[in-house]
There are 2 protein chains.
Amino acid sequence: MSLRFALLGLLAEEPSSGYDLTRRFEEGIGTFAWSAGHSQIYPELAKLAAAQLVEVVSEGARGRRVYDVTPAGRDALRDWLLGPHTDGGTVRNEFVLRLFLLSALEDADAQVVLRGVQEFAAQQIAVLESAQQEMAAAGLARSAGPNLAAKFGALSYQATHEWAGWASEQVAWRTERS
Amino acid sequence: MSLRFALLGLLAEEPSSGYDLTRRFEEGIGTFAWSAGHSQIYPELAKLAAAQLVEVVSEGARGRRVYDVTPAGRDALRDWLLGPHTDGGTVRNEFVLRLFLLSALEDADAQVVLRGVQEFAAQQIAVLESAQQEMAAAGLARSAGPNLAAKFGALSYQATHEWAGWASEQVAWRTERS
DNA sequence: AAAACCATGTAATTGGTTACATGATTGG
DNA sequence: CCAATCATGTAACCAATTACATGGTTTT
């Protein structure tokens with residue numbers, strides 16, 4: 001079900017072709033929230049169009065078809081976003097899974113991984129912050145979506161960075177005690 | 001592939017039955033990293049046993065079978081954790097997806113959701129912190145796994161809380177300008 | 001005795017990834 | 001004219017969820 005709404009939301013932000021949407025899933029939204037490949041996107045767009053939640057608004061070269069949400073699609077999206085989200089849905093995140101399983105490693109190995117994680121997080125923070133400054137400098141044409149995503153990413157990586165530091169201390173403390 | 005390693009990791013921390021593992025996926029690891037239902041776990045345990053990465057270490061009432069990782073399983077897990085993790089894998093997180101699509105809502109609606117998110121995050125932080133204090137008070141028997149998870153959760157929710165506040169300001173600013 | 005919970009499994013369906021397939025357009 | 005990229009689609013396979021199915025044990 002989530003893919004439907006991801007597509008509706010992306011189209012609500014900006015009308016796009018299936019190809020465009022595939023690219024957009026490789027950016028912020030794909031890194032932190034949800035991703036999909038083109039082989040999943042094209043059939044889903046067809047279904048959404050059949051349900052009249054999206055429609056083709058222009059056709060271009062190479063069979064390119066740009067979709068936009070219909071008013072019905074906007075309503076469906078709004079209902080979903082404002083509706084009850086009791087369970088938060090299932091989560092799949094291989095990166096975080098690795099972090100959670102670290103305690104299965106010997107201390108020295110765990111420290112190596114934790115240092116790597118910290119480095120990676122620091123690097124990502126730097127990338128996102130410089131991107132944000134570029135965007136701000138390039139004028140006010142900052143659309144909400146990418147901006148929200150970048151901020152979310154920066155804060156998430158900061159949390160990861162801090163966690164890795166804390167975890168590393170815990171492991172060191174455990175090593176000393178033994 | 002990830003499920004295999006999730007199971008190996010959980011068993012490395014503590015030998016468990018399929019039923020136990022199902023419950024454990026409903027806690028920290030399921031909320032932040034990876035989850036699975038029993039109908040996926042039992043067949044996967046059978047496959048892991050066939051590959052000699054896990055083994056049955058005891059049988060109890062009601063056909064209960066407790067599994068533990070074998071040395072080969074431990075090696076496989078270690079290789080995976082220390083191996084190259086170039087792409088971080090795909091991410092699926094419905095909660096975060098909702099956040100990313102918020103910009104499709106009208107400002108007033110978005111503010112309602114953002115306030116809800118902030119409240120939820122604050123509440124989760126409180127729950128996790130009190131749980132951690134309880135654990136600390138209950139003595140030193142704090143195993144690494146749940147502890148790491150709780151800390152990760154607390155930091156993640158803090159990031160979410162901060163993000164929601166920031167996003168709310170952004171939306172308010174956009175509202176005024178229009 | 002009944003309800004709640006422990007404990008395991010399989011089958012049917014849906015969701016998602018990888019591989020296969022084709023062709024147009026643009027830039028160098 | 002060649003390579004890169006744009007653009008769309010389907011098929012085969014694997015992963016995951018939901019529904020079906022059974023029975024033992026503990027608690028009230």
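# Helix packing and DNA contacts in a predicted model

The axes of α5(A) and α6(B) come within 10 Å of each other and cross at roughly 125°. Axes here are lines fitted to C-alpha atoms, for helices over the stretch in contact, and angles run from 0 to 180 degrees between N-to-C directions. Helices (H or I, at least four residues) and strands (E, at least two) are DSSP runs, numbered from the N terminus. The model is predicted, so local features need pLDDT of at least 70 and side-chain atom pairs count only at pLDDT 80 or more, while totals for chains, interfaces and linings use all residues. Residues are numbered from 1 along each chain as its sequence is written, chains are lettered from A and ligands numbered from 1 in the order in which they are written, and side-chain values use heavy atoms, with hydrogens and water left out.

Two packed helices are described by the angle between their axes and the distance between the axes. Angles under 35 degrees count as roughly parallel, over 145 as roughly antiparallel, 65 to 115 as roughly perpendicular and the rest as oblique. α5(A) and α6(B) are therefore oblique to each other. Their crossing is left-handed, a term used if the near helix is turned anticlockwise from the far one by less than a right angle (right-handed if clockwise). On the α5(A) side the contact (heavy atoms within 4.5 Å) is made by A:Leu77, A:Trp80 and A:Leu81, and on the α6(B) side by B:Glu94, B:Leu97, B:Arg98 and B:Leu101. By class, this contact has five nonpolar, no polar and two charged residues. In this scheme Ala, Val, Leu, Ile, Met, Phe, Trp, Tyr, Cys and Pro count as nonpolar, Asp, Glu, Lys and Arg as charged, and the others, Gly among them, as polar.

Helix α1 (residues 2-13) of chain A and helix α5 (residues 71-82) of chain A have axes that come within 10 Å and cross at roughly 120°. That angle makes α1(A) oblique to α5(A), and the crossing of the two is left-handed. From α1(A), the residues in contact are A:Ser2, A:Phe5, A:Leu8, A:Gly9 and A:Ala12, and from α5(A) they are A:Gly73, A:Arg74, A:Ala76, A:Leu77 and A:Trp80. Six of the residues in the contact of α1(A) with α5(A) are nonpolar, three are polar and one is charged.

α1(A) also pairs with a helix of chain B: its axis and that of helix α6 (residues 94-101) of chain B come within 10 Å and cross at roughly 15°. That makes α1(A) roughly parallel to α6(B). The crossing of α1(A) past α6(B) is left-handed. A:Ser2, A:Phe5, A:Ala6, A:Gly9 and A:Leu10 of α1(A) meet B:Glu94, B:Leu97 and B:Leu101 of α6(B). The contact of α1(A) with α6(B) divides into five nonpolar, two polar and one charged residues.

## The two DNA strands

DNA strand C is surrounded by 18 residues, and the closest are A:Ser39, A:Gln40, B:Tyr19, B:Tyr42 and B:Arg65. A residue is near a strand if one of its heavy atoms lies within 4 Å of it. Of the atoms of DNA strand C within 4 Å of the protein, 67% belong to sugar or phosphate and the rest to bases. The surface near DNA strand C has five nonpolar, eight polar and five charged residues. Its largest share, three residues, comes from α4(B).

Around DNA strand D there are 17 residues, of which A:Tyr19, A:Tyr42, A:Arg65, B:Ser39 and B:Gln40 come nearest. Sugar and phosphate account for 67% of the atoms of DNA strand D that come within 4 Å of the protein. Four nonpolar, eight polar and five charged residues form the surface near DNA strand D. α4(A) gives the largest share of that surface, three residues.

| Side chain | Atom of the DNA | Distance |
|---|---|---|
| B:Arg62 | sugar or linking oxygen of DNA strand C | 2.9 Å |
| B:Arg64 | phosphate oxygen of DNA strand C | 3.1 Å |
| B:Arg65 | phosphate oxygen of DNA strand C | 2.6 Å |
| A:Tyr19 | phosphate oxygen of DNA strand D | 2.5 Å |
| A:His38 | base oxygen of DNA strand D | 2.8 Å |
| B:Gln40 | phosphate oxygen of DNA strand D | 2.6 Å |

Definitions and conventions
A polar contact is a pair of N or O atoms within 3.5 Å; within protein, one must be able to donate a hydrogen and the other to accept it, and residues adjacent in sequence count only if both atoms are side-chain atoms.
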